[in-house]
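The following exercises are to be worked with the sequence and the coordinates at hand. Each task is followed by a solution in steps.

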Amino acid sequence: MARCDVVRVEDRLRELDDRLRGPARLKADLLTEARHALEDAVEAYRDRGLSAAEAERRAVAEFGDPAGLGPAYQAELAAGSLRGLALRVLAVAGVLVAAGDLTWRGSSWSGTGPRPPAGYLLLSGSLDAIWLAIALLAAAGLLLVAASARSAHPALPRLARLVGLGLTAALGLGALNGAALYAWSLGLWEAALTWPPMIVGGVAVTAALLWLARAARSWLLAAR
């Protein structure tokens, strides 16, 4: 092979980087692992007496081309992204369950205000059901990611993808439902506009949903 045709370690890593989509931190971790593997291979060839250029050429050739390596690395990115999304979802769901009632407790309208209409109660109940489904999907995603790490069965990544899509869709539905319920609450009880827990809760939930949306976007990019 002519010297100008030699693909160096940095070139191969750059080519692999260009093919991968997903969270920057996870991708950086995978590329670091790839770099270490290539550098170890180069060192092993140097120890066997090869020149630096020839050792690098053989290490890169042994490593493989990005077209062949890309799918496996991309699958790892998708699995890591789903794991991160699921963990975030379970954390947020736990906080919402624990702190949800604090938004209303002690409010001036909770005991003496008018009873909410049937549609409001239905919307409130559906929000609880949606978040239960979200938590179950997140738990299923974690189990599938763990199973995929132990088994190469081709059905596992497909199931994980379906769960991820369902989780992302459920999060979107939950966000719309929660926004509608919050706006309806403000319309029903004027005092809610100045009730500190409602204000703090609204800001906290909005921040949590944006945090989840960012993770969901990362997963969609990795699993596309």
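**Exercise 1.** In which handedness of crossing, left-handed or right-handed, does H4 pass H5?

*Solution.* The model is predicted, so local features need pLDDT of at least 70 and side-chain atom pairs count only at pLDDT 80 or more, while totals for chains, interfaces and linings use all residues. Residues are numbered from 1 along each chain as its sequence is written, and side-chain values use heavy atoms, with hydrogens and water left out.

Step 1. Identify the elements: H4 covers residues 66-99 and H5 covers residues 118-150. Helices are DSSP runs of H or I with at least four residues, numbered from the N terminus.

Step 2. Two packed helices are described by the angle between their axes and the distance between the axes. Axes are lines fitted to C-alpha atoms, for helices over the stretch in contact, and angles run from 0 to 180 degrees between N-to-C directions. For H4 and H5 the angle is about 145 degrees, and the axes are 9 Å apart.

Step 3. Assign the hand: H4 passes H5 in a left-handed crossing. A crossing is left-handed if the near helix is turned anticlockwise from the far one by less than a right angle, and right-handed if clockwise.

**Exercise 2.** Determine which residues form the contact of H4 with H5, and classify them.

*Solution.* Step 1. Apply the contact criterion (heavy atoms within 4.5 Å). On the H4 side, the residues found include Ala 79, Leu 82, Arg 83, Ala 86 and Leu 90. On the H5 side, Trp 131, Ile 134, Ala 135, Gly 141 and Val 145 are among them.

Step 1. Sort by class: the contact has 16 nonpolar residues, one polar and one charged. Here Ala, Val, Leu, Ile, Met, Phe, Trp, Tyr, Cys and Pro count as nonpolar, Asp, Glu, Lys and Arg as charged, and the others, Gly among them, as polar.

**Exercise 3.** Which residues does Arg 88 touch, not counting residues up to four places away in sequence?

*Solution.* Step 1. Arg 88 lies in helix H4 and, at 23% relative accessibility, is partly exposed.

Step 1. The residues touched are Trp 211, Leu 212 and Ala 215.

Step 2. For a C-alpha separation, take Ala 138: this residue is 50 residues from Arg 88 along the chain, and the two C-alpha atoms are separated by 8.9 Å.

**Exercise 4.** State the confidence of the model.

*Solution.* Step 1. pLDDT is the predictor's confidence in each residue, from 0 to 100. The chain has a mean pLDDT of 87, and 91% of its residues reach 70 or more.

Step 1. Over residues 1-5 the pLDDT is below 50, and this stretch has four contacts in the model beyond near neighbours in sequence.

Technical notes
Helices (H or I, at least four residues) and strands (E, at least two) are DSSP runs, numbered from the N terminus. Buried means under 20% relative accessible area, exposed over 50%, partly exposed in between (1.4 Å probe, protein chains only).
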